[in-house]
Amino acid sequence: MADVLPPLPQPNPDTQEFWDGCRRHELRLQRCDDCGTARFSPRPACPRCASLRHTWFTAAGRGTVYSWTIVHAPTLPAFAARVPYAMALVELEEGPFLVGQLRDCEPAKIRAGLRVAVRFEDVAEDVALPHWRPA
Amino acid sequence: MAPPAAIVGIGQTRFAKHLGISEAQVAAEAIHAALADAGLAPRDVDGLCLFDIESNTVGDVAAMLGLGDVRFFSTHSHGGGSYCAVVRSAATALAAGHASVVVAFRARNRGRRSSFGKGYTEGGRPWEKIAPRIAGFYQWQVPFGLVSPVQEMALIARRHMLDHGTTEDHLGEVAVAMRHHATRNPNALMREPMTLADHRASRFVAEPLRLLDCCLETDGGCAIVLASRERARDTARRPVWILGSAQTNGPAHHHPHDWFAYERRRWVTEAAARLWGEAGVRPSDVDAAMFYDHFTPMVLLALEDWGFCGHGESGGFVAGGGIRWPDGRLPVNTHGGQLSEAFIHGFNNWTEAVRQLRGTSTAQVPDAELVLVAAASSDPYGAVLLAR
Ligand SMILES: [Zn+2]
């Protein structure tokens, strides 16, 4: 567990299921009941068809790197010891994009299309955070 | 159709890393200067438009300066994406007869020393002041380690490179061109000449973006005075007309996870078509452009978004000096922009656009008649076309 905690999420009724899933080390996403589109971040309506009906499901936790940055200083104290670290924009197998740290991967080996899998780290009593590793 | 409104006054404070005055005083000084330029008094002002990132409220400013009956006021969200919306809103109110003289401004105290003891909107980088628990959209980035705007922009820049062959030197040329303009501008904070080698040698902040890809952090303020068509004809200055404007806020904006998911290109292309259609001119008619250059890649996106080059062609556009004064196809940010003059959340783009159309810029485009001012490509978005 890090000495300095990063800012942590404050769940609300729209996002509680995602963060509860992380605590169980599961990547929980919403899928639209009408058009079938999986989405991230969690929200009450579908960006594609505006439907209010959705079902939560557990994503496979696999995707590919769509873009990335290597973060140098300045950053927040919680991440300062990791600098330089890689942040990836991951395109999930189910469709949505999300960002996360890409760990255990030399910067020179990062490329678009690199296959990655999610891992979870328990950072506080009530919070686990996802990150990504080459798969 | 005759333009409904014009900019009739511009004003600014001194720009500095740390001014040592309150954000309220920054606003007061900038608005004073703009009203003096227009030959108007505070009591003539009956409209006020500002950002929601402003710590000064409509009420504060009206009381502080003894404005007239402020019968129109509006506050706009989304930071750099809305400095054009602020002015568009003013022009819309003037066209509708809801006001006759509107002040729009941005006052900013962001220097690190200015931030001591201040709240979220006043002083310091906002991302450094984030709460220990986050309820908004930043919960999808900051806990994971994506904490600042430059890191978001780096993801966008990297993908532009992958898709279009854009290079770090293309980004560098944006910074070099802005500095080239700033060397002529006595108000610019960064006036030392810069080369591509200087850009390449600057440290990485968030790869592929370097220190010289980032805007300055500046204390300072800029204000403009807008007037209705009738009122504009009897102010002290030759009016600069609002010829057209557009906004867009499709689902594809700002957050990296939404940016690439929802056909951003479609929304900005439609906004551009509305702008040019409303104004009845083409991009090739424009003499100069003021783009929101908080980071160099955003200038590349703006060139593509507003139709100055094809999708993915902006790297080539800038490579040959395309945005440099005096010989570029489209001189951009002839004051030095946010990268080299000062970062006033785009509001110094208004003062420079007006100077170009008055013929008083330090990097004057000969006989400039048409100038585009565009908002931050990374946000809910917009642009305003100004004409002499
Ligand atoms: Zn749907």
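Visitor: Let's start with Arg71(B). What relative accessible area does Arg71(B) have?
Guide: Arg71(B) has a relative accessible area of 45%, so it is classed as partly exposed. Keep in mind that this is a predicted model.

Visitor: OK. Which residue does Arg71(B) form a salt bridge with?
Guide: Its partner is Asp46(B), and the closest N and O atoms are 3.0 Å apart. The pair ties together parts that are 25 residues apart in sequence, because Asp46(B) sits in the loop between α1 (23-38) and β2 (47-51) of chain B, while Arg71(B) sits in the loop between α2 (58-65) and β3 (72-76) of chain B.

Visitor: And Asp46(B), buried or exposed?
Guide: Buried, with a relative accessible area of 8%.

Visitor: Let's take another one. What does Asp163(B) form a salt bridge with?
Guide: With Arg159(B), again with the closest N and O atoms 3.0 Å apart. Both residues lie in helix α4 (residues 149-164) of chain B, 4 residues apart, which is about one turn of the helix.

Visitor: Why does Asp163(B) count as partly exposed?
Guide: Because its relative accessibility is 42%, and partly exposed covers values between the buried limit of 20% and the exposed limit of 50%. Arg159(B), on the other hand, is buried at 14%.

Visitor: What about Arg388(B), which side chain does it meet in a salt bridge?
Guide: That of Asp367(B), at 3.2 Å from N to O. This pair links distant parts of the chain, 21 residues apart: Arg388(B) is in the segment after β12 (381-387) of chain B, and Asp367(B) is in the loop between α13 (347-358) and β11 (370-374) of chain B. In chain A, salt bridges that share partners join Glu17(A), Arg24(A), Glu26(A) and Arg28(A) into one network.

Visitor: Switching to the metal. Which residues coordinate the zinc ion?
Guide: Cys32(A), Cys35(A), Cys46(A) and Cys49(A), each through SG, at 2.3 Å.

Visitor: Why is the arrangement around the zinc ion tetrahedral?
Guide: The 4 donor atoms subtend angles of 103 to 115° around the zinc ion, which makes it tetrahedral.

Visitor: How are the donor residues spaced in sequence?
Guide: The spacing is C-x2-C-x10-C-x2-C. Cys32(A) lies in strand β2 (residues 28-32) of chain A and Cys49(A) in the loop between β3 (38-39) and β4 (54-58) of chain A, so this pair ties together parts that are 17 residues apart in sequence.

Visitor: What's the relative accessibility of those two cysteines, Cys32(A) and Cys49(A)?
Guide: Cys32(A) is at 3%, so it counts as buried. Cys49(A) is at 35%, so it counts as partly exposed.

Visitor: Zooming out, how many helices and strands does chain A have?
Guide: It has 2 helices and 9 strands. Reading from the N terminus, the order is β-α-β-β-β-β-α-β-β-β-β.

Visitor: What share of the residues in chain A is buried?
Guide: Buried residues make up 50% of the 135. The accessible surface of chain A is about 6,200 Å², and carbon and sulfur atoms account for 48% of that.

Note on methods
Residues numbered from 1 in each chain as written. Chains lettered and ligands numbered in written order. Predicted model: local features only at pLDDT ≥ 70, side-chain atom pairs only at ≥ 80, totals over all residues. Heavy atoms only, no water. Donors = N, O, S within 2.8 Å, 3.2 Å for Na, K, Ca; no water. Tetrahedral: all angles 85-135°; square planar, octahedral: opposite > 155°, others 65-115°. Buried < 20%, exposed > 50% of the residue type's maximum accessible area, 1.4 Å probe, protein only. Salt bridge = Lys/Arg side-chain N within 4 Å of Asp/Glu carboxyl O. Areas by Shrake-Rupley, 256 points an atom, 1.4 Å probe, with all protein chains shown as cover.
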